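Please look over the sequence and the model shown here, and then read the briefing that follows.

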Amino acid sequence: MREITFAEATREAMEEEMARDPRVFLMGEDIAKQGGIFGQFKGLPERFGLERVRDTPISEPTLVGAALGAALVGTRPVLDIHFADFLLLAMDELVNQTASLRYMSGGRLRVPVVIRAPDGALRSAGAHHSKSLEALFLHLPGFKVVAPATPKDAKGLLKSAIRSEDPVLYLEHKALYTWKGPVPEGRS
Amino acid sequence: MEARTYRFKGHYVGDPELYRSRDEAKGFPDPLALYRERLLALGVPEATLKSLEESEEKLLDQAVELAETSPWPDPAQALEDLFAEPVRDYPWEVA
């Protein structure tokens, strides 16, 4: 079986899901012009344009609020948060709004949003860029929390997350981006 | 965007509103009343506004009645709509 890196596996998942479903779009800081800090978004703006791969200002509460609103009106946003540590800036939007609205509305509102966030320690990025927050988010009802360990997992879990009808927090460990592993070819 | 507005009612039903005088609210225009006047000035017939107001009030009365006459929810429904798919196999009993 062919081997690709973890970052390439997430990029393939994004590309396939964006091609499959026009409601899927990507937003975040430095993703279109820069291609992501770890190169995980390379080539996506060229293929899908800047409407569907959107560079945003640096304000996490605004980003989560915007993704939530977009999901409520029928799109399927994938929001990249630069580092998982910055999720904490948007806790009201994440917990009181995004994770709660289906429950609060008795199932009338749906929030199919994926929030991707690189976590874990890598090199010497410092305490504000190194946290692993999965245990914290597991305690907040309404989120599905996933953390892929291999390139194959990364691709499959991201595709499942995008197709989920509920908010998914997709935590990707920074040290894994360059790891190579077998990933089946072909789409599903 | 900055919207300058005024809160006519207290923070909650039953708020004694000790932080302002009883007459304070009188000094502020009510945007609903202002908009009504504006619609009339633009030529919307009084009868149209009245019928809209009546149908909205009826809708609200029906909502209150539905709430007051509905049974309390079954505790077994506590986890409904937490996720799109039902939560199963949770490790506690719901009375």
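B:Phe83 counts as buried because its relative accessibility is 19%, where buried means under 20% relative accessible area, exposed over 50% and partly exposed in between, with a 1.4 Å probe and protein chains only. This is a predicted model, in which local features need pLDDT of at least 70 and side-chain atom pairs count only at pLDDT 80 or more, while totals for chains, interfaces and linings use all residues. Residues are numbered from 1 along each chain as its sequence is written, chains are lettered from A and ligands numbered from 1 in the order in which they are written, and side-chain values use heavy atoms, with hydrogens and water left out.

**Surroundings of B:Phe83**

- B:Phe83 belongs to the segment after α2 of chain B; helices (H or I, at least four residues) and strands (E, at least two) are DSSP runs, numbered from the N terminus.
- Apart from its neighbours within four places in sequence, B:Phe83 is in contact with A:Arg102, A:Gly142, A:Phe143, A:Lys144 and A:Asp166, contact meaning heavy atoms within 4.5 Å.
- B:Phe83 and B:Ala33 are separated by 50 residues in sequence and by 42 Å in space, taken from C-alpha to C-alpha.

**Salt bridges**

- Side chains of opposite charge can pair when their charged atoms come close.
- Over all chains the count comes to 22 salt bridges, each being a side-chain nitrogen of Lys or Arg within 4 Å of a carboxyl oxygen of Asp or Glu.
- A:Glu12 and A:Lys155 meet through their side chains in a salt bridge of 2.7 Å, N to O.
- Because A:Glu12 lies in helix α1 (residues 6-20) of chain A and A:Lys155 in helix α7 (residues 151-163) of chain A, this pair ties together parts that are 143 residues apart in sequence.
- Both partners count as buried, A:Glu12 at 15% relative accessibility and A:Lys155 with a relative accessible area of 6%.
- A:Glu17 forms a salt bridge with A:Lys159, with the closest N and O atoms 3.5 Å apart, and this pair links distant parts of the chain, from helix α1 of chain A to helix α7 of chain A, 142 residues apart.
- A:Glu17 is buried at 0% relative accessibility, and A:Lys159 is buried with a relative accessible area of 7%.
- In chain B, the closest N and O atoms of the salt bridge between B:Arg36 and B:Glu46 are 3.1 Å apart.
- B:Arg36 lies in helix α1 (residues 31-41) of chain B and B:Glu46 in helix α2 (residues 46-69) of chain B, so the pair ties together parts that are 10 residues apart in sequence.
- B:Arg36 is partly exposed, with a relative accessible area of 22%, and B:Glu46 counts as partly exposed at 38% relative accessibility.
- Salt bridges that share partners join A:Arg2, A:Glu12, A:Glu16, A:Glu17, A:Arg20, A:Lys155, A:Lys159 and A:Arg163 into one network.

**Helix packing in chain A**

- Helix α3 (residues 60-72) of chain A packs against helix α4 (residues 91-98) of chain A at an angle of about 30°, with their axes 8 Å apart; axes are lines fitted to C-alpha atoms, for helices over the stretch in contact, and angles run from 0 to 180 degrees between N-to-C directions.
- α3(A) and α4(A) are therefore roughly parallel to each other, a term for angles under 35 degrees.
- In this contact, α3(A) contributes A:Pro61, A:Val64, A:Gly65 and A:Leu68, and α4(A) contributes A:Glu93, A:Leu94, A:Gln97 and A:Thr98.

Terms used:
Parallel < 35°, antiparallel > 145°, perpendicular 65-115°, else oblique.
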